[in-house]
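Dear colleague,

Please find the structure below, followed by a short account of what was found in it.

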Protein chains: 4
Amino acid sequence: MKTLEHSVLLRVRYSETDQMGTFYNSRALEWFEVGRTEWLRHSGVSYAQCESLGLLLPLVEAHVRYQGRARYDDLLRVTMRAKMESKASVKFMASVVHEGTQSPVADGWTIHAVVSAEGKPMRPPAWFTELFQHG
Amino acid sequence: MKTLEHSVLLRVRYSETDQMGTFYNSRALEWFEVGRTEWLRHSGVSYAQCESLGLLLPLVEAHVRYQGRARYDDLLRVTMRAKMESKASVKFMASVVHEGTQSPVADGWTIHAVVSAEGKPMRPPAWFTELFQHG
Amino acid sequence: MKTLEHSVLLRVRYSETDQMGTFYNSRALEWFEVGRTEWLRHSGVSYAQCESLGLLLPLVEAHVRYQGRARYDDLLRVTMRAKMESKASVKFMASVVHEGTQSPVADGWTIHAVVSAEGKPMRPPAWFTELFQHG
Amino acid sequence: MKTLEHSVLLRVRYSETDQMGTFYNSRALEWFEVGRTEWLRHSGVSYAQCESLGLLLPLVEAHVRYQGRARYDDLLRVTMRAKMESKASVKFMASVVHEGTQSPVADGWTIHAVVSAEGKPMRPPAWFTELFQHG
């Protein structure tokens, strides 16, 4: 059983830089979100659909390692993998590199609870867990 | 009849700077929001209370003039005035200056529709319009 | 003489929403920035190149009209036009619509001073003003 | 030898919420930054002073655990402790709770390299390391 990998390109926005001349640290978590959004869409069910079906994925933990600078307008590739972490949680693994040189910018992971629209932890339905099973 | 004026201090966050070494332009609108929040609290009904009472104030228009730089950790004073703009809209006027020197950073205004929790335009109740009448 | 028009697609990020369920108001200015970045690249000189050539474009004024909601993951089209506003300033006009329905989300404009790397107002060189002359 | 602890109050801004009705996950890192800024000021040398003295503290790693919701306008207390992590890095430990109930919102830590204005790793001078030694 393999882990589905999917990547997306984005450019560093001016609004994402800070006075150190590189991206501000919290943007990495926003880029991880862009990666998750596209990973889920690619896997067959977008996160917007998940929410409209009453399944939400709030973060319970996040980890980021900062590996290199990225400046305004740099083209970055965000690559995601994902797996069920427990019966009611899922883990997304992220890596951000410069598209041209492949030099690393940041990597890390986020763990998400699977909860209902009311915020209650839930055992995810089969259509959801199957997104994380490949091969 | 006077316009109630109220001000609040804030410090420029590192996350609000950009690689030009001053604050990124969109932060001015976020500081205006901090000013509105404190203006409403000072006037007697917080915006959180407004929302819980089913009255929302989405923006319909915003205007900002950028007047001077503000760097990380600079202490700024955001001063707000407000008035009913029409029977179902309200206008907040904002001014941001350096607390020490009073040198200007930005000023501007926002116009907000008064809408119900369902997003429908509404004639605001008396408890709301009275917040904007002073003296 | 025509005004060059250029547009770019983007998706609303979760980080750009707020508890009203639509995008937070200041994000419009960040989307305008994405539009300017791509307009300049399309016109022949990227803004990153402008900065490395010692020409910066800090905002002096911004105006936004909010016309409709946009939710997480909605696909938006940001369309930009631009012109020299005075001998040392430039104006970008922006419009944001839903890509599917063309229903409007926001429009507005920003005026930028042309300044040197040291922040001094400057008469822009020919390679810059020519970007704004078409046809 | 004790670790200096310092805390600061802040209110959740509307711009920090997302459509789930709580704060967007990356804001926790921005609040940690507010905590670091005030911890350093309280310890005797502000981070703005550090930067002007040629000592920068870029992040190399960040970790966040999300423990509870925080809504717009909630009053939060960010408490920080810090220590030298190695000869050329420093660790800040953060905890965010609701000021009224003390119920937890998030905790975590960040590790920062000590680098020169040119971005080179450096052995920090005594005036810096002494900030982290108490009692």
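A:Phe128 is buried, with a relative accessible area of 0% (buried means under 20%, exposed over 50% and partly exposed in between, with a 1.4 Å probe and protein chains only). A:Phe132 is also buried, at 4%.

This is a predicted model, in which local features need pLDDT of at least 70 and side-chain atom pairs count only at pLDDT 80 or more, while totals for chains, interfaces and linings use all residues. Residues are numbered from 1 along each chain as its sequence is written, chains are lettered from A and ligands numbered from 1 in the order in which they are written, and side-chain values use heavy atoms, with hydrogens and water left out.

Rings of Phe, Tyr and Trp (its six-membered ring) pair if their centres lie within 6.5 Å; planes under 30 degrees apart count as stacked, over 60 as edge-to-face and the rest as tilted. Over all chains, this gives 40 aromatic pairs. The ring centres of A:Phe128 and A:Phe132 are 5.0 Å apart and their planes are at 55 degrees, so this pair is tilted.

In chain C, the charged end of C:Lys91 sits over the ring of C:Trp109, 4.7 Å from its centre (NZ of Lys or CZ of Arg within 6 Å of the ring centre and within 35 degrees of the ring normal). In chain D, D:Lys91 lies over the face of D:Trp109, at 4.7 Å from the ring centre.

Yours sincerely
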